[in-house]
Amino acid sequence: MIRIRPYASADLPTLVALFTASVHTLGAPHYGPDQLAAWAPRPPDLAGWRQRMEALTTLVAEDALGPCGFIAWEEDGHIELLYTAPRCARRGVATRLVQEAEDALSAVGVTVFSTEASLSAWPFFETQGFTVVEPQTVTRRGASFTRFLMRKENAA
Ligand SMILES: CC(C)(COP(=O)(O)OP(=O)(O)OC[C@H]1O[C@@H](n2cnc3c(N)ncnc32)[C@H](O)[C@@H]1OP(=O)(O)O)[C@@H](O)C(=O)NCCC(=O)NCCS
């Protein structure tokens with residue numbers, strides 16, 4: 001049973017640990033060790049994360065064992081973060097989170113959504129009705145990544 005609730009600042013260490021596990025496990029089929037280390041450094045920069053989260057609206061999915069995933073977006077409809085815990089993968093957690101984010105954005109009149117999807121995530125976003133706008137190559141902490149700009153427009 002998955003429950004969706006707003007993020008609270010006390011969640012930060014747990015969500016950053018979830019992010020790190022998600023990247024290093026669910027991202028591992030698609031990226032090399034140097035890329036994974038650059039994407040999700042260990043140990044993480046918690047102060048940097050705290051600052052980053054302040055600008056975002058975040059929802060947390062949790063089950064009886066605790067957080068299962070989270071989504072964070074900007075007010076213009078850009079999905080900045082979407083991560084499912086490895087133990088919760090392929091149980092519909094990300095589907096629920098994207099649906100809740102779209103509902104919240106639609107309620108304030110935002111009907112165009114975008115994201116930069118990783119090689120691990122783009123098939124998921126396609127299932128949610130997003131389409132690829134363009135592939136992109138970005139460099140983070142010295143590592144180069146391929147990702148896909150994806151977009152979705154709902155009827156207003
Ligand atoms: C991408 C991600 C968020 C998906 O989370 P999830 O909770 O497992 O997704 P769901 O269970 O809601 O998946 C719904 C459907 O999307 C598709 N899907 C999900 N993960 C997939 C994958 N790795 N490969 C192919 N299709 C996938 C499937 O069609 C799935 O339905 P099914 O399980 O009945 O086949 C998760 O794999 C993740 O956190 N990945 C690592 C981090 C990442 O890349 N985050 C996104 C940053 S842009």
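Strands β6 and β7 run antiparallel and are joined by nine bridges. Two strands are taken as paired if DSSP finds at least two bridges between them; helices (H or I, at least four residues) and strands (E, at least two) are DSSP runs, numbered from the N terminus. The model is predicted, so that local features need pLDDT of at least 70 and side-chain atom pairs count only at pLDDT 80 or more, while totals for chains, interfaces and linings use all residues. Residues are numbered from 1 along each chain as its sequence is written, and side-chain values use heavy atoms, with hydrogens and water left out.

Val138 has Phe145 of β7 as its bridge partner. The hairpin formed by β6 and β7 has two residues between the strands, and Arg141 in the turn has a positive phi of about 50°. Strand β7 (residues 143–153) also pairs with β5 (residues 112–117), in the antiparallel sense and over six bridges. Here Phe113 stands opposite Lys152 in β7, and Ala117 stands opposite Phe148.

These strands belong to an open sheet of seven, in the order β1-β2-β3-β4-β5-β7-β6, with mixed pairing. β1 (3–6) and β6 (131–140) stand at the edges with a single partner strand each, so one side of each is left without a neighbour in the sheet. Neighbouring strands are turned by 30° against each other on average, direction ignored; axes are lines fitted to C-alpha atoms, for helices over the stretch in contact, and angles run from 0 to 180 degrees between N-to-C directions.

Helix α1 (residues 12–26) lies across β2 (57–63), β3 (66–73) and β4 (78–84), at about 90° to β3. Helix α4 (residues 93–107) packs on the sheet and touches β1, β2, β3, β4, β5 and β7, its direction making about 40° with that of β3. The axes of α1 and α3 (residues 46–54) come within 11 Å and cross at roughly 105°. The two helices are therefore roughly perpendicular (angles of 65 to 115 degrees; under 35 is roughly parallel, over 145 roughly antiparallel and the rest oblique). Their contact (heavy atoms within 4.5 Å) is made by Leu12, Pro13, Val16 and Phe19 of α1 and Leu46, Trp49, Arg50 and Met53 of α3.

Strand β4 also gives the largest share of the lining of the largest pocket, seven residues.
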